[in-house]
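Here is a short briefing for a reader new to this structure. Take a look at the model first, then read the points below.

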Amino acid sequence: MDCVREQARSVPRTQTALGGTVRGGRPVVTLTIVALCVGSWLLQLATGGDWTQRLAFAPFIGETEPYRFLTAAFLHSTGVFHILFNMYALWITGPFLEQMLGRVRFVALYVLAALGGSVGVLLLADPTTQSWYTAVVGASGAVFGLFGAILLVLRRLGRNATQILVLIGINVAIGFIPGTNIAWQAHLGGLAVGLILGAGYAYAPKARRTLWSVGVTVLVAVALVALTVLKYASVPEIVFF
């Protein structure tokens with residue numbers, strides 16, 4: 001058995017052009033995220049809104065319950081269209097990025113883009129208006145992060161990225177149409193995070209890929225925390241009641 005293990009260690013692992021480990025079988029991380037979102041959506045329906053109220057994000061409550069910055073990305077409106085669109089977008093981008101970047105960087109990308117979506121809502125909310133108290137839900141911020149990252153990955157690989165550019169443009173524009181009830185702020189926040197991480201992961205020097213990837217991931221995480229702290233620090237105390 002020791003000889004078998006030693007031989008397995010000596011066999012080089014096949015890697016993608018961006019350092020991800022080539023794996024056969026299903027995209028485990030992507031499927032797990034889909035399962036979490038669908039399961040959470042079913043709980044929203046089953047609890048009559050209680051599950052949503054516990055986990056949705058709104059700027060006024062994010063400071064005291066910061067977990068909502070992330071949990072909101074696993075919630076959706078009770079209508080089926082919202083979750084169908086986000087899960088479809090995740091499915092057409094997730095497996096490719098999971099393979100190209102590897103599971104660890106893909107998880108980091110998804111989580112930070114989801115957080116970036118909530119931070120985008122926070123930064124663009126006005127404490128003196130209803131936007132400060134309006135709850136938002138959905139994986140759209142994370143999905144837009146995947147859009148941004150896949151754009152940079154495709155360009156790095158020399159592939160045509162026109163379709164993804166058009167997709168980003170259309171979906172950003174839809175968010176600004178009056179009456180659509182779409183949190184375009186989350187789209188922009190997630191997209192910004194995806195572009196930064198996508199650039200860092202895709203263009204990292206091969207010899208220092210791990211160090212480079214860890215560095216840009218930590219930098220984005222710290223920036224999101226700093227922006228959040230600064231925003232809450234700028235809000236007059238009278239707003240909190």
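On a 1 Å grid over the protein atoms alone, a pocket is an open set of points where a 1.4 Å probe fits, with protein on both sides within 12 Å along at least five of seven lines. A volume is the space filled by probe spheres set on the points, which are joined across faces, edges and corners. The largest pocket here has a volume of about 870 Å³.

This is a predicted model: local features need pLDDT of at least 70, side-chain atom pairs count only at pLDDT 80 or more, and totals for chains, interfaces and linings use all residues. Residues are numbered from 1 along each chain as its sequence is written, and side-chain values use heavy atoms, without hydrogens and water.

**Largest pocket**
- Its lining holds 34 residues (a lining residue has an atom within 4 Å of a point).
- His 82, Val 137, Asn 181, Ile 182 and Ala 183 lie nearest the pocket's centre.

**Nonpolar core**
- A nonpolar core is a set of buried Ala, Val, Leu, Ile, Met, Phe, Trp, Tyr and Cys residues joined through side-chain atoms within 4.5 Å.
- Buried means under 20% relative accessible area, with a 1.4 Å probe and protein chains only.
- The largest core has 58 residues; Ile 33, Phe 57, Leu 97, Leu 109, Tyr 110, Ile 164 and Leu 197 touch the most other members.
- Helix α8 (140-156) gives two or more residues to this core, and its 11 residues are the most from any element.
- Ile 164 is in contact (heavy atoms within 4.5 Å) with Phe 147, Ile 150, Leu 151 and Leu 154, leaving aside neighbours within four places in sequence.

- Thr 93 lies in helix α6 (residues 80-101) and counts as buried because its relative accessibility is 2%.
- The Thr 93 side chain reaches the backbone oxygen of Ala 89 at 2.8 Å.
- Ser 213 is in helix α11 and is buried, at 6% relative accessible area.

**Annotated segment**
- The unreviewed UniProt entry marks residues 104-125 among its "transmembrane region" stretches; such annotations may be inferred rather than shown by experiment.
- Residues 104-125 are 95% helix and 0% strand (strands are E runs of at least two), with end C-alpha atoms 32 Å apart.

Methods. Helix = DSSP H or I, 4+ residues; strand = E, 2+ residues; numbered from the N terminus. Buried < 20%, exposed > 50% of the residue type's maximum accessible area, 1.4 Å probe, protein only. Polar contact = N/O pair within 3.5 Å; in protein donor to acceptor, adjacent residues only side chain to side chain.
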